[in-house]
Amino acid sequence: MKTKLMAAVAVVAIMASAGVATAQTADDVAALKAQAAALKKQNQALEQRLNKIEKQQAKEQAVLARQPAPAAAAAPATAGSFVAQASNLPGQLLNGDGPLTWNGITVFGTFDTGLSYASHGAPMSGGFYAGDTYMQKFYNHAMWNMAPSGLSQTTLGIKGEEELMSGVSGVFYASTGINPQSGQLANAPGSQVANNGIPLYNQSMNIDGTRGGQPFNDQLYAGLSSKTFGQLTFGRHKTFSNDLLSTYDPAGAAYNYSPIGYSGTPVAGLGETDLGREDNTMKYRVAFPLLATGVNAHVGGMYKFASGTAGYGSTGVVGNGCGGTTYATALPCRLNDTGYQINAGAQYQALELDGVVSHFNQALTYGTLGTGTTNVLGVNQINLGNPGLAGTIADITSFMLAAKYTWNQFKFYAGYANDHYSNPNDPMGVGANTGTGDYAVITVSNTAFPNNKVLQTIWGGVKYAYDPKTEFTLAYYFLDQNSFGTAKAMATQCSGQSTKQNGACFGTTSVVSAYVDYHFTKRFDAYAGLMWSGVTGGMASGYLYTSNWAPSAGIRYTF
């Protein structure tokens, strides 16, 4: 409108000039000037009216934007309508029409499966949820195998958020891991029970882990969330040390390509894998900008309340008999499996940093029972629940630091973790069970660390985005433990680098991995790569072989 009016003024001015040129009279010039002045006044008046109209329209549009859209009349619900909605879901997923959300509740999941070849491997088991890519003591001969959840744990879950008041929402999260090869819920201690009493060279895949076949073996929590004040939740959580892997492990904690993802012992589990997820916990995290610095920071804390049982001992043994072998008079041991974590981190432009400090009491590590172990004197007096396992107890203190830097198509990663194990101040006894499924211990050791064990983990790597769909990853990991046995054992059994050394001797683990990940769509991708792992010294104690190389490939679908 304004443009047209100004154009009209210009036309009149041109005509006036032309008139002057042709009429060559003073009267004509004066008349045209008068007309131009009148038109200028009209233009100014029209501009004022136009501005007033535009302001009024803006106010009306703002009012309309704040009003809810009128709801369409709902059609009566019928069985046919529900069937029609369900039949449309596959098409919605394939077309990428957003998350599966209804009334604030979102269903999500991942399906990931593939194949691998191991130079030294073991048969798969129904409960254990990863392949044979990372070196284990029972690995035997070369074989092809399924490689479930190679890049991401196969998962199904629901989550929700509902605003309770201005700026504050109620949230919940529930998810579980599944073994895509067997369809069973992920169950690491269950895979160990299946190998109780079986010689190493005949064992199938079995490793301790935080997922013990529970209905929600990943996370299950609820609480409050605010963009200003952070999130406070209660229930079963990943620990902050576990969270750290998703951001600072170059392989993203992938089972096929990351030892600190495959095994929860270093980093995520602070040296004891079951500390990677904890029941009966309160977790808080808040993010905020540091004023005038350009730094975005976050801090958090988690506290674990005591839960489960510390098992039983006898009055006939020092320390209430916890972990002893005489149970004629069974008495409960003191339960103190409490713990805490403190997390702090920051991001400045392309650099991200994070750190976690932790301490946990009565950390329990499961192991298979040896050949010929069937029961313990007096155990029949105690209800142990599911078939039992061996247990090692420790108090653990840990700290870790990690960094990530992004430069053009490259992302660089580095991290360090330091885990200290000591004999527990409060021993545990037969029947101890601290929450990883329903598995109690029927043999237990509270004296495995006569000197403090120190496990150090160093890692680094790089990702390169070749194009928007293709990404290459190269990573290196190094684990180191000190000699922590008795002075006599270290003097007689920790000399040289023999693979027959005591497990309490100095030892190392080295891992190199590389893989490529190609995204066909936002939800569907395929990957292929290789991991090599090797052990020496005390870390190789009891191993049938000391190295393994494992190429693998798989596909992943996420919704």
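Let's start with the disulfide between Cys-494 and Cys-505: the torsion about its S-S bond is about -80°, so this disulfide is left-handed. Bear in mind as we go that we are looking at a predicted model. In that model the two sulfur atoms of Cys-494 and Cys-505 sit 2.0 Å apart, and the count for the structure comes to 1 disulfide.

Where in the fold does this pair sit? Both Cys-494 and Cys-505 lie in the loop between helix H7, residues 487-493, and strand S19, residues 507-519, so the bond ties together parts that are 11 residues apart in sequence.

Staying with buried residues, let me point you to Arg-211. You'll find Arg-211 in the loop between helix H4, 188-193, and strand S6, 219-226. Its relative accessible area is 4%, and buried means under 20%, so Arg-211 counts as buried. What does its side chain touch? There is a polar contact of 3.0 Å between the side chains of Arg-211 and Asn-217.

Searching the whole structure for cavities of 30 Å³ or more turns up 1. The largest cavity holds about 140 Å³ of space. Its lining is made of 17 residues, and the closest to the centre are Asp-274, Leu-275, Glu-278, Lys-304 and Thr-434. Strand S8, 277-290, and strand S13, 351-367, each contribute at least two lining residues, with S13 giving the largest share at 5 residues. What kinds of residues line this cavity? The lining has 8 charged, 5 polar and 4 nonpolar residues.

Last stop, the second largest pocket. This pocket has a volume of about 1,400 Å³. Its lining takes in 45 residues, and nearest the centre are Lys-137, Thr-265, Thr-365, Tyr-366 and Tyr-543. By class, the pocket lining has 21 nonpolar, 20 polar and 4 charged residues.

Notes. Residues are numbered from 1 along each chain as its sequence is written. This is a predicted model: local features need pLDDT of at least 70, side-chain atom pairs count only at pLDDT 80 or more; totals for chains, interfaces and linings use all residues. Side-chain values use heavy atoms; hydrogens and water are left out. A disulfide is a pair of cysteine sulfur atoms within 2.5 Å. Helices (H or I, at least four residues) and strands (E, at least two) are DSSP runs, numbered from the N terminus. On a 1 Å grid over the protein atoms alone, a cavity is a set of points where a 1.4 Å probe fits but cannot get out, and a pocket is an open set with protein on both sides within 12 Å along at least five of seven lines; lining residues have an atom within 4 Å of a point. Grid points are joined across faces, edges and corners, and a volume is the space filled by probe spheres set on the points. Ala, Val, Leu, Ile, Met, Phe, Trp, Tyr, Cys and Pro count as nonpolar, Asp, Glu, Lys and Arg as charged, and the others, Gly among them, as polar. Buried means under 20% relative accessible area, exposed over 50%, partly exposed in between (1.4 Å probe, protein chains only). A polar contact is a pair of N or O atoms within 3.5 Å; within protein, one must be able to donate a hydrogen and the other to accept it, and residues adjacent in sequence count only if both atoms are side-chain atoms.
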